[in-house]
Amino acid sequence: MRRPLTLKDHHHEQRIFGVRLVVGVFLVLLLTGVLISRMVWLQVIEHSRYTTLSDNNRVQTQAMSPPRGLITDRDGVILAENRPDFSLEVIIEQTRDLDALLTEVAKLVELDEGDRERFDKRRRSARRPWEPVPLRGRLTEEEIARLVVNQHRLPGLRISADPVRHYPHDILFSHVIGYVNRINAQDLDNMTLDQQRDYAGTHFYGRTGIERFYEDRLHGEVGYRQVETNARGRILRVLEEQPPVPGQDLTLRLSMRVQQAAYDALGDRRGAVVAIDPRDGSVLAFVSRPGFNPNLFVTGISHKDYSAYRNDHDNPLFNRALQGRYPPGSTIKPMLGLAGLDAGVTNWQRSIRDPGFYQLENDPHRYRDWKRWGHGRVDLHLAVVQSCDTYFYDMGFKLGIDRMHDYMNQFSIGQVTGIDLDNESQGLMPSKQWKKAFRNRPWFHGDTINASIGQGFVLATPLQLATATAITANHGKQVIPTLAGEQQAIERSDLVLQDESNWEKMTNAMVDVTGPKGTARVMAVNAQYPIAAKSGTAQVFSVGQDETYNEDEIAERMLDHALMVSFAPADNPAIAVAVLVENGRHGGSTAGPVAREVMDAWLLDKDGNLNVPAVFAAKSETAAPPSPDSDETSGEESP
Amino acid sequence: MSQREFFRQMPGQGGASLSPGLAERLHLDAPLLASLLMLMLGGLTVLYSAGGESMELVVRQCIRFGAGLAAMFVLAQFPPRSYRFWAPVIYTIGLILLVLVLVAGTEAKGAQRWLSIPGLGRFQPSEVMKLAVPAMVAWFFSERTLPPKLLDVIGALILLGLPAMLIGLQPDLGTAILIAASGLVVLFMAGLSWRLIAVAVIVVVTAAPLMYFFVMHDYQRNRVDTFLNPEADPRGTGWNIIQSKTAIGSGGIDGKGWLDGTQSRLDFLPESSTDFILAVLSEEFGLVGVCILLIMYLVIVGRGFFISWQAQDTFSRLLGSSLIMTFFIYVFVNMGMVTGLLPVVGVPLPLVSYGGTSIVTLLASFGMLMSIQTHRRLISY
């Protein structure tokens, strides 16, 4: 019944459909056009932008850190080396959920509070993006295995095998070699752009000691490689490579043998030993006790270990040899005597009567000699041998503080020695001008008298005392101590006495100090070579008010510091030693034997026979300074 | 009855007179089949690279193609009138299954799309609906006079809206929209008045923000956010689209070369063998490759239009044009989303993307088109 209708509609429907189909075709073509335009936009117009994006995705430039130079002693004994160390690192940018990741990691390897704490600190501090943040060092084989098995489900985790600095002799060289530790943003900020580029792949930076001073030489030059990585950061191939230039190896002038002897001889006492070869300024031993274990600092010291060091009353992190300022006491009497002679205020014949004290005219105050009843009649020779205070009170007063100051500066007292270490203390050699400027007080006669026996304002470091002794042994020729051949730029000319024979005569007096009547006789017992020495005892004036010690300790720490300066063989000096023993009371009996041990270690061969070692010759040092070593000290003559 | 009799007696002759040959006798449309096979072959080439030179992936895709071609062949044997006859039945069964999916479906990736049948494994009823909805709407209009009256339009909208809504509830917004679109195409082809089309467009434009705020799931909303501003979270939700655009853009005019696309080979491009396979093609074969692909699609779509144009009854015309338009919508939506023109809605690139049941459904739809083409009668009515 509807059939005719349908038939009639059929053509109409087909016509409608035809129109719609054409519209459909048109729509399809239109949308295809949209797609093609979009493709042209992306692939032709924006092509270069996306090519860059694509390359940035896959190509990464990686800096390769240069292997750090080794440090050896003068005989080639390794003092600082690089060891492979497997550490666990986290690339924060690759992690999804850091807390969850750390929780998972803690199930696999041991993470103590210190690890977490250091990790958080490093993570929050300014760092290069995508740089792995170390989480734990010193992974064991077993831990590595556990991590590797689980690594696929812990994105962002990385095990690296970077070489890590290692100090095989631990505590022995702690205050001289120092240590490296992780480079931080502040280190980088202090660098020039070129330096920053050079440190692009470096994780460690010399923090103290030789490691710091010779950072530039030890570090080397950065290498680069371009690698293609996939989305998970895995390196698929190396596109280009420029290998790093390794850091230079550094041969120190130190002698392991002498260092060890000095360290052992000091024992558990607090103190410092510095030994210098006066012939070329080579530092043979540089000990400050107590020391610390530099290896603890390299990969980041734990809070516990660090506070243990910080809270130790013996202050093991303090470099006594370089920075400890002590009254030099009688140890500077030979230098003062030479100053008095040269200034003409005394001579070898002149003598005084010592009643056991010294008094200025119109002043009732008595400056006491250490020997209550006095030394009787004393000339300069005897005054040195027996360390007569009264003689030096008298001579010093006549010399006056300003001349004293100038002469002592020539001996490096009150001036930096110029050793190749940073942050050297310059001690204090007072003058009228200094007191006016820094204390805002006039200079009193009493100040001069105290300074005449190395007390009062006078302060010197063990390094300065060793240097002064070496200069004395050298007859005034300058000695600038050096650990590895370089020195700080300083101005100090040779000390030329009007009568050069005074050097010889003073040396004789110092030799008699170790003779049967001298204050340092103990140290010369059975010595195979003549030793020139001068003992010293420095009063400890005060203990800090805010420091709390128990009764025994306060008593012990109020005792005098024991000092000894010496050189040997007296007729042809090859070593000058300064020894400081804190609260060691008597220089002669406490510090003297230490100095003797150090000298024996240097001057005697294995069989105990005298065999003076030759001056250091730069053999393996690749980048020795242009001037030969023997010229280093004389080079200072013409500023 | 007499017509059927007549037809049964001379199938060979009838075929021979229209388009002679073996393909015709097997009820296959040679041009369509040839262009489909070319597209599939090209797709396999890209897939081999996208899958990291994995033959396994290619072989599995070939198995799917085989299953799809079989489905196509089988469906091509049925005359269009049997589709017309069965459309309401299959549509009704499909609706029931969609309800079942919501009640007892298997969950995967936060959506219930699968129905487990003991002994038969899992399947997605929504795939059946991709064919059943256009067939049903075409049947609906073939029973009525055209252009459709308002009441008929409402009826059609219910027919297509019901399954779309059920699929949207799974939730599978992408498929829901595509199924709705396939029904709407029928409506459009049936002669829906331009006035109503204009009204619909206005309604959709105003409803879109409302959908965003009140209907969409969080993950869907995220996709839209990402679409509008992928740079907001370049390492998170924006990653896919940024990497996809980078792959396409870095391909340039002539591409980086087969197997040399760094974006996909180095795993920067996610889902490179499935939804984002166009990015691989664009990166390795450049604009030239994309144009070739588009030409292949246009040839197929063109043939589909031609078949629909030649179709002899309203049902066939509406069904055929809807199937082929839907096919093109797939292409457009996928390409649009991969190039950042449209939000990411999880639509595969037809016959190129590696993947599941959609290949079988697609090839089955071409089987229906072939059926329309090869079961034509000498006399149209």
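User: Are A:R118 and A:D115 buried or exposed?

Analyst: The model is a predicted one. In it, A:R118 is buried, and A:D115 is buried as well.

User: What makes A:R118 and A:D115 a salt bridge?

Analyst: The closest N and O atoms of A:R118 and A:D115 are 3.3 Å apart. The cut-off is 4 Å between a side-chain nitrogen of Lys or Arg and a carboxyl oxygen of Asp or Glu, so the pair qualifies. Both residues belong to helix 4 (residues 113-124) of chain A, where they are 3 residues apart, about one turn of the helix.

User: Why is the pair A:D314 and A:R270 called a salt bridge, and which parts of the chain are tied together?

Analyst: For A:D314 and A:R270 the closest N and O atoms are 3.5 Å apart; the limit is 4 Å, and therefore the pair counts as a salt bridge. A:D314 is in the loop between helix 13 and helix 14 (320-323) of chain A, and A:R270 is in the loop between helix 11 (256-266) and strand 13 (271-277) of chain A, so the pair ties together parts that are 44 residues apart in sequence.

User: Why is A:D314 called partly exposed, and why is A:R270 called buried?

Analyst: Buried means under 20% relative accessible area and exposed means over 50%. A:D314, at 23%, falls in between and is therefore partly exposed. A:R270 has 9%, which is under 20%, so A:R270 is buried.

User: How do you know that A:R68 and A:E211 form a salt bridge, and where do they lie?

Analyst: Their closest N and O atoms are 3.0 Å apart, which is within the 4 Å limit, so the pair is a salt bridge. The pair links distant parts of the chain, 143 residues apart: A:R68 is in the loop between strand 1 (59-64) and strand 2 (71-72) of chain A, and A:E211 is in helix 9 (residues 209-213) of chain A. Both partners are under the 20% cut-off and therefore buried, A:R68 with a relative accessible area of 11% and A:E211 with 0%.

User: How many salt bridges does the whole structure hold, and how many of them are counted between chain B and chain A?

Analyst: The search finds 36 salt bridges over all chains, while the count between chain B and chain A is 0. Among the residues involved, A:D55, A:R58, A:E228 and A:R237 are linked in a network of salt bridges.

User: What makes up the contact between chain B and chain A?

Analyst: In this contact, 54 residues of chain B meet 41 residues of chain A. The buried area is about 4200 Å², with carbon and sulfur atoms giving 71% of it. There are 13 residue pairs in polar contact, both residues being at pLDDT 80 or more. Several helices of chain B each supply at least two residues to the side that touches chain A, including helix 9 (173-189) and helix 10 (194-215). Helix 14 of chain B gives the most, with 11 residues. The residues on this side of chain B divide into 27 nonpolar, 20 polar and 7 charged.

User: How many aromatic pairs are there, and why is the pair B:Y48 and B:W258 called tilted?

Analyst: The structure holds 22 aromatic pairs over all chains. For B:Y48 and B:W258 the centres are 5.7 Å apart, within the 6.5 Å limit, so the rings pair. B:Y48 lies in helix 4 (residues 30-50) of chain B and B:W258 in the loop between helix 12 and helix 13 of chain B, so the pair ties together parts that are 210 residues apart in sequence. B:W258, at 38% relative accessibility, is between 20% and 50% and so counts as partly exposed.

User: Why is A:S431 called buried, and what does its side chain reach?

Analyst: A:S431 has 8% relative accessibility, under the 20% cut-off, so A:S431 is buried. Its side chain reaches the backbone nitrogen of A:W434 at 3.1 Å. A:S431 lies in the loop between helix 18 (401-410) and helix 19 (432-439) of chain A.

Key
Residues are numbered from 1 along each chain as its sequence is written. Chains are lettered from A and ligands numbered from 1 in the order in which they are written. This is a predicted model: local features need pLDDT of at least 70, side-chain atom pairs count only at pLDDT 80 or more; totals for chains, interfaces and linings use all residues. Side-chain values use heavy atoms; hydrogens and water are left out. Contact means heavy atoms within 4.5 Å. Buried area is the accessible area (1.4 Å probe) that two parts lose on being put together, summed over both. A polar contact is a pair of N or O atoms within 3.5 Å; within protein, one must be able to donate a hydrogen and the other to accept it, and residues adjacent in sequence count only if both atoms are side-chain atoms. Helices (H or I, at least four residues) and strands (E, at least two) are DSSP runs, numbered from the N terminus. Ala, Val, Leu, Ile, Met, Phe, Trp, Tyr, Cys and Pro count as nonpolar, Asp, Glu, Lys and Arg as charged, and the others, Gly among them, as polar. Rings of Phe, Tyr and Trp (its six-membered ring) pair if their centres lie within 6.5 Å; planes under 30 degrees apart count as stacked, over 60 as edge-to-face and the rest as tilted. Buried means under 20% relative accessible area, exposed over 50%, partly exposed in between (1.4 Å probe, protein chains only).
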